[in-house]
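Subject: Structure handover

Hello,

Here is the structure I promised. Please load it before you read on.

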Amino acid sequence: MSSAIRKTSSPRETRIDRAWASGRSRWIALVAAAVALALCIIGGAAINATLAGKPTAVDDLLFRAISGFRAPWLDGPSLVLNQAGGGIIALFIMPVIAAVVMLLTRGVLAALVVLPLRPLTQWAVESLKAAFERPRPPHREIAVALSSYPSGHSAVAASLIVVLALLIRRRWFTLIGLIYVIAMGYSRLYLNVHWFTDILAGTALGIAIGLVVWAVAGGIRSLVLRPRSYPRAFGSRWPTP
């Protein structure tokens, strides 16, 4: 890339380039994703093998602590997060809004990357739930289906935040995203629909999916941008002739 092109690049084009980082960063992301996925699967297998799906000591301790703490000001936010992570909001509204924002700020590919996150994460979660069939905690505050491990709400939240954080690359957004993922996990505990280890596994699964989708999309982008010309809307400056 010539220095002349670098100097004439707009701030938007610079942000787009930074959103996809280098090939080395993508390989690191894939390795981290493999570790996170392995922890999720091994954790579920270990719980089934040693405890037959029953809660761990940490699960039981946190369940008793949170079940004994009820506050009206937490009921509403927990129910809102329940809808945000698993209802029509998570399925359609949030992905579409995120895709539009990415289209306007990071290009077409960034928008396309966001859209398949929800169905891909849902498929992975349901597959693992069917494999482990862990019973949910007792005294649930809301009606829920399927088994407990891993947490689908935590996985959906983590996958979306990971991808958006990697594309936006702003500390303030990463902090807000981290708070959102933590709040989502706590809300599942507060509503008595998941054990703590379910939350950890769901978060790990979501991180893995987010990293893989981002890395694969970045690799595809680097291959597509090799020709001498390409649509500017795809998301970067023109390559050096």
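My notes on it follow.

Ground rules first. This is a predicted model, where local features need pLDDT of at least 70 and side-chain atom pairs count only at pLDDT 80 or more, while totals for chains, interfaces and linings use all residues. Residues are numbered from 1 along each chain as its sequence is written, and side-chain values use heavy atoms, with hydrogens and water left out.

Overall picture. The protein has eleven helices and zero strands. Helices here are DSSP runs of H or I with at least four residues, strands are E runs of at least two, and numbering starts at the N terminus. Of the 241 residues, 47% are buried. Buried means under 20% relative accessible area, exposed means over 50%, and partly exposed lies in between (1.4 Å probe, protein chains only). Take the contacts (heavy atoms within 4.5 Å) with a separation of 6 or more: residues 24 or more positions apart account for 77% of them.

Helix packing. The axes of α9 (residues 152–168) and α10 (residues 171–190) come within 10 Å and cross at roughly 180°. Therefore α9 is roughly antiparallel to α10. That label applies to angles over 145 degrees. Axes are lines fitted to C-alpha atoms, for helices over the stretch in contact, and angles run from 0 to 180 degrees between N-to-C directions. Residues making the contact include His 153, Ala 157 and Ile 161 of α9, and Phe 173, Gly 177 and Arg 188 of α10.

Asn 82. This residue lies in helix α5 (residues 72–86). Asn 82 counts as buried because its relative accessibility is 14%. Leaving aside neighbours within four places in sequence, Asn 82 is in contact with Gly 87, Ile 142, His 153, Arg 188 and Leu 191.

The α8–α9 loop. Please check the backbone here. Most residues other than glycine have a negative phi, and most peptide bonds are trans. Glu 133, not a glycine, has a positive phi of about 50°. Glu 133 sits in the loop between α8 and α9. Its relative accessible area is 59%, so Glu 133 is exposed. His 139 is in the loop between α8 and α9 too, with a positive phi near 55°. At 63% relative accessible area, His 139 is exposed. Pro 150 also lies in the loop between α8 (117–132) and α9. The peptide bond from Tyr 149 to Pro 150 is cis, with omega near -5°.

Regards

Definitions and conventions:
Parallel < 35°, antiparallel > 145°, perpendicular 65-115°, else oblique.
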